[in-house]
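Let's take a short walk through a protein model together. Have a look at it below, and then we will stop at a few places in turn.

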Amino acid sequence: MTTLAITPMARPWRQPSVIPGFGLTFGFAMVYLSLIVLIPIALLILRTTQLSWQEYWAIATSERVVAALRLSFGAAVIAAAVNTVFGTIIAWILVRYEFPGKRLLDAIVDLPFALPTAVAGITLTAIFAKNGWVGQFLEPLGIKVAYSALGVVIALIFIGLPFVVRTLQPVILELERETEEAAATLGASRPQTIFRIVLPTLVPAMLTGFVLALARGVGEYGSVVFIAGNLPYRTEIAPLLIVIRLTEFDYNGATAIATIMLAIAFVMFLTINLIQAWARRRFGYV
Amino acid sequence: MSDPALAAPRTWRSPTAEIRPVRALLIGIAAVFIGVFLVFPLVAVFIEALRNGVGAYFGALGDADTQHAIWLTLMVAAIAVPANLVFGIAAAWAISKYEFRGKAFLITLIDLPFSVSPVIAGLIYVIMFGSHGYFGPWLNDHNIQIIFAVPGIVLATIFVTFPFVARELIPLMDEQGTQEEEAAISLGASGWQTFRRVTLPNVKWALMYGVLLCNARAMGEFGAVAVVSGHIRGLTNTMPLHIEILYNDYQWVAAFTVASLLALLALVTLVVKSALEWRFGHELTGGPR
C-alpha cells in the first residue's frame, strides 16, 4: 500500500504533488489509526455476534440496563439544557461586554477540559455531601444532591459547560452588527432585537453545543461515579454498569451495553452534522 | 454648531447594546454560575488537601504507593503523548499537503475517540487482550500481560488522547497551503529539511498547544484506565486511580492531596494555554483572530 502510493504512476484518488513523504506519513497514520482505533472498535462490534438477537434484546431491555441508560441519558439532557442557557449567557458577555476579570473568566471556562474527572468527582462530592460546604445548607431544605440523581446532573453540568461556551463564542463574534442596527433603526426595542433577530441566528450553534455536551454527558464516568450513589436501578449510570459487567467477567453483557451506547453516540454525531448542514444553508455559518 | 438639539442626548446609548442594568445582571449571572460550578470545586480541592495542615499534606505525598502512582502517571504520559505527537504530525502532513478522495471521512475517523465513552475505550482493549478476549489465550500462553498491566494503561491512554495533536495541526496546516513547501522542494531541499525548516516553524505553537491538551488528558484520564488497570496498588495505579482508592478507604486528606497535584497540573495547563492563545492566537488558527 505504501509502495503503491509513492510510485510516480498517479493513482486516480490522489492528485500528483512534488512534496515528498505521502506514502510514509499516510501509511503510518493509517496503520496507527487502524491498530489503535478502528480494529479494536470493529472487534468490539463483532463480539456482539456471539449473542443471538434474542439474547441481545434481553440484555438491552433488562430492567437494570434500561434504568441505567435512562439515568445517563436523562441527566445528560437536563445538564446540557442548563448549560445551553447559562453557556449562551457566558459566551455572550465574553464576546460583547468589557469588564474587569474578563480574561480570567474566559480562561477558567476551560477548567473542566483540564481538570481530571476523578478530581472533579471527589471535590463536587465534598461540596454537595450532606455535611459538605453547600450540602449542609441544602439538606435542611430536603434537597439531597450527593448520592442521588441530582448529583449526576451537577457533575454533568460541570463537565459539559465548555462545550456550549466554546461552540457559541466564535459564532457570536461573527454575528453581523448591521442586522441589529437595522432592527433598531426600524424601531425594534433591544429585547425585541435580541429575541427575534439575534437568538434565532444562534439557535443552530446552541443546538450543536447542546448535543456536544449531551454526548459527553451520556458517556461520562469519572466525575459521576463519586457523586452518584451507584445504587442499581436508581443511581447507576450506563458506563458504570459496563464496568460492573466487566468485573463479573460478563464480556457479552458489557459489549451489548457498549454497542447500545455507541449507537446513541453515532446518532448524536449524525444530528450535529445535520444541524450544521442546515445552519450552513439557512444562516451561512457552521 | 452648538445647537443643543443636535448634540447627542445625555442618555444616548448604542442601539446594539443592552442597557446597563441588563449587562450587569448578565455578567452577574455568568460570574455566579462559573463561581459555583467551576471555581468553588477547584478551591475546595486545595482546602480539603490542607485541612490537617502542611505536615499532613507532605506526609501523604511521601507515601510509597502515592509516589509510585505519580511515577506511573508520568511514565504513561511520556509514552502516550510522543506517540500521538508523531501520529498527529504524520496525519496532518498527509491530509493537509495532498489532495485525495475520502479526506473528510479520514478526519472524522481521527476524531472518533472523542465521541466514545472512556469506559468503552477501556473495554475495547479488554475485549482484545483480556483473559476472555480475542487474543487473551494466546497472550496467556506466551506470558504476556497487557490487561491489568502497564501496556493496557498506555493503550487506553493513547486512545483517549488520540485526536488532540492532529486536530490542532490539520486545520492550521490546511490553511497554510503547500506553496512554501513546494518552493523549498524546488530549491533543492529534501522532504525532511522542508518539514524541519519550513513547516515546523509555521506550526510550532499549535503543536505545543496540542501537546499541552494531550498531556493534561493523558495524566488525568480515569474511566478508560480504570477499566484496564485492575487497580493494583504500587503496580498499575495511576494518580487518578490512586485518588479513587484513597477516597474509598476514607483517607480523605490523602485523596485530596493527590487530587491537588492534578488540580495544579490543570491550572498550569490553563495558564500556558491562555498565554499561547493571547500571544500566538493568529498562529494557532491560521488567521488573525
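Leaving aside residues up to four places away in sequence, which residues does A:T167 touch? Keep in mind as you look that this is a predicted model. The neighbours of A:T167 are A:P162, A:A205, A:T208, A:G209 and A:L212. To find A:T167 itself, follow helix α9 of chain A, which covers residues 149-174. Is A:T167 buried or exposed? Its relative accessible area is 18%, and a residue under 20% is called buried, so A:T167 counts as buried.

Now stay in chain A and move on to helix α10, made of residues 177-185, where you will find A:E178. Here the relative accessibility is 53%. Because the cut-off for exposed is over 50%, A:E178 counts as exposed.

Our last stop is in chain B, at B:G133. Look for B:G133 in the loop between helix α5 (118-129) and helix α6 (136-141). Although it sits in a loop, B:G133 is buried, with a relative accessible area of 10%. What does B:G133 touch, not counting residues up to four places away in sequence? From chain B there are B:V126, B:I127 and B:M128, and from chain A there are A:R47 and A:Y251.

Technical notes:
Residues are numbered from 1 along each chain as its sequence is written. Chains are lettered from A and ligands numbered from 1 in the order in which they are written. This is a predicted model: local features need pLDDT of at least 70, side-chain atom pairs count only at pLDDT 80 or more; totals for chains, interfaces and linings use all residues. Side-chain values use heavy atoms; hydrogens and water are left out. Helices (H or I, at least four residues) and strands (E, at least two) are DSSP runs, numbered from the N terminus. Buried means under 20% relative accessible area, exposed over 50%, partly exposed in between (1.4 Å probe, protein chains only). Contact means heavy atoms within 4.5 Å.
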